[in-house]
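Subject: Structure handover

Hello,

Please find the structure below. Notes on what was found in it follow.

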Amino acid sequence: MTNNLSVVINADAQQVWTMLREPSLVAQWHGWEADDLTDEIKQIYFNTDVVEGPDHTSLTVNGGDVFELHPVSGGTEVRVTRAALDHNSEWAEWDEDITQGWLTFLHQLRFALERHPHGHRRTHFISLPGKGGPAIEKLGLGDLPPVGEEYSLTLATGEKISGKVWFKSRHQVGLTVHSYAEHGDGLLIVAEQLPIPEKRPDGGSMVIASTYDLGAHTLADIRSSWDNWKSENYGS
């Protein structure tokens, strides 16, 4: 097994386990709102191939990737260890995409537990082609403060946002956003996607905006600003 991924969540292991084992709670951090989200969650986390550790500290999901929960001084370390893929498998070329997806979802899990454990998120997702250029740079997110520090900036979408840097990695950035929640913060993640020959030769980017308890008009304005920016910079 390869590609260890981990976050430390300020919650006890039982709270994390509950977030992993109730479908309605998994839907508050895995992926984003989509017509097939319920089916995807069922396939990954509640398939007959899924194995729960007897002490509720490990979970092998469909595909063989393993969640492990380890109590640490700051709460619970949640680690995902990727299953080694057969290079001849139809999924082999998506291996890095899956790894990056777990990184995104681990940080969304941490955010849901620490900031909105009883909240209901509404998301806006956009997928961007590689030919338009890396979204992190185009949005003006290439020079953020260190993780945990406050930031305030105007996105290329025209939105003025502020909060704290939630995480940064080689291909992703995550920001808490005050204006994405009625109380507390929402979360914005922008991720670059690596090229995949024949399927995504130029790479790409994706944006996940997670909001909480916003009014319908405010949420519509946020979605509209993202969609307009996408149209202007990447085409329809």
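Two rings of Phe, Tyr or Trp (for Trp, the six-membered ring) are called a pair if their centres lie within 6.5 Å; planes under 30 degrees apart count as stacked, over 60 as edge-to-face and the rest as tilted. The model is predicted, so local features need pLDDT of at least 70 and side-chain atom pairs count only at pLDDT 80 or more, while totals for chains, interfaces and linings use all residues. Residues are numbered from 1 along each chain as its sequence is written, and side-chain values use heavy atoms, with hydrogens and water left out.

Aromatic pairs

Searching the whole structure gives eleven aromatic pairs. One of them is stacked: the ring centres of Trp32 and Phe125 are 3.9 Å apart, with the planes at 5°. Trp32 is in the loop between helix H2 (23–26) and helix H3 (37–45), and Phe125 is in strand E6 (residues 121–129), so this pair links parts of the chain 93 residues apart. Here helices (H or I, at least four residues) and strands (E, at least two) are DSSP runs, numbered from the N terminus.

For accessibility, buried means under 20% relative accessible area, exposed over 50%, and partly exposed in between (1.4 Å probe, protein chains only). Trp32, at 22%, is partly exposed, and Phe125, at 26%, is partly exposed too.

Phe67 and Trp102 form an edge-to-face pair, with ring centres 5.2 Å apart and planes at 90°. Phe67 belongs to strand E4 (residues 66–72) and Trp102 to helix H4 (residues 95–115), 35 residues apart. Both Phe67 and Trp102 are buried.

Charges over rings

A charge sits over a ring if NZ of Lys or CZ of Arg is within 6 Å of the ring centre and within 35 degrees of the ring normal. Arg110 has its charged end over the ring of Trp166, 3.7 Å from the centre. Lys138 lies over the face of Tyr234, 5.9 Å from the ring centre.

Helix H3

Which residues of H3 are buried? They are Leu37, Ile41, Ile44 and Tyr45. These residues are on the same side of H3, because they cover an arc of only 75° around the axis (the arc is that of the directions from the helix axis to the C-beta atoms). The face turned away from the buried side of H3 carries the exposed residues Thr38, Asp39 and Lys42.

Regards
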